[in-house]
Amino acid sequence: MYDEPQFIVRNVWRLYGGWYDGNPAHLKPALEMEQASEIAKLAGGIPALVDRARALLQEGDLRLACHVIEWALAAAPKDRKVHELRAEIYSRRADQETATMTIGVFRAAERESKAITEG
């Protein structure tokens, strides 16, 4: 299977309903890096985000672990510990998927972070 039902539904919604998701903060948002830096400050820094992402990974909540590690990445794009954990999270996530497109996206994220840590 190449695609997933949730992607198809999302695209039909965008086609007929537009891009606005109903959250007014998303209308003209701050840059992702600025949002991530603020989240990192609130969390107690990049190490706190990494620790939380690791805990979520260990609990099996891979979806939420992806969000947390992406905040850490956006706030600290060159941090090796962030990339090490990001590669592990996306590797695990890809292992659990069945759709080719989803696996490819998660493997690309894994490879991207491994290139940083191994290069």
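Axes here are lines fitted to C-alpha atoms, for helices over the stretch in contact, and angles run from 0 to 180 degrees between N-to-C directions. Helices themselves are DSSP runs (H or I, at least four residues), numbered from the N terminus.

Some ground rules. This is a predicted model, so local features need pLDDT of at least 70 and side-chain atom pairs count only at pLDDT 80 or more, while totals for chains, interfaces and linings use all residues. Residues are numbered from 1 along each chain as its sequence is written, and side-chain values use heavy atoms, with hydrogens and water left out.

First pair: α3 and α4. Helix α3 covers residues 46-59 and helix α4 residues 62-75. They pack at about 160°, axes 8 Å apart. That angle makes α3 and α4 roughly antiparallel, a label for angles over 145 degrees.

Who touches whom? Contact means heavy atoms within 4.5 Å. From α3 come Ile-46, Leu-49, Val-50, Arg-52, Ala-53, Leu-56 and Leu-57. From α4, the list includes Leu-62, Val-68, Ile-69, Trp-71 and Ala-72. By class, this contact has 14 nonpolar residues, no polar and one charged. Nonpolar covers Ala, Val, Leu, Ile, Met, Phe, Trp, Tyr, Cys and Pro; charged covers Asp, Glu, Lys and Arg; the others, Gly among them, are polar.

Now zoom in on Leu-49, in helix α3. Is Leu-49 buried or exposed? Buried, because its relative accessibility is 4%, and the cut-off is under 20% (1.4 Å probe, protein chains only). Leaving aside neighbours within four places in sequence, Leu-49 contacts Ile-39, Ala-40, Ala-43, Val-68, Trp-71 and Ala-72. Leu-73 lies 24 residues from Leu-49 in sequence, and the two C-alphas are 9.6 Å apart.

α5 passes α6 in a left-handed crossing. The residues of this contact split into seven nonpolar, four polar and ten charged. Among those on the α5 side are Arg-80, Glu-84, Arg-86 and Tyr-90. On α6, they include Phe-106, Arg-107, Glu-110 and Lys-114.

Last, helix α1. Residues 5-17 make 13 residues. From first C-alpha to last, α1 reaches 17 Å, close to the 18 Å expected. That expected span is 1.5 Å times one less than the number of residues. Just after α1, Gly-18 takes a positive phi of about 90°.

Terms used: Helices (H or I, at least four residues) and strands (E, at least two) are DSSP runs, numbered from the N terminus. A crossing is left-handed if the near helix is turned anticlockwise from the far one by less than a right angle, and right-handed if clockwise. Angles under 35 degrees count as roughly parallel, over 145 as roughly antiparallel, 65 to 115 as roughly perpendicular and the rest as oblique. Buried means under 20% relative accessible area, exposed over 50%, partly exposed in between (1.4 Å probe, protein chains only).
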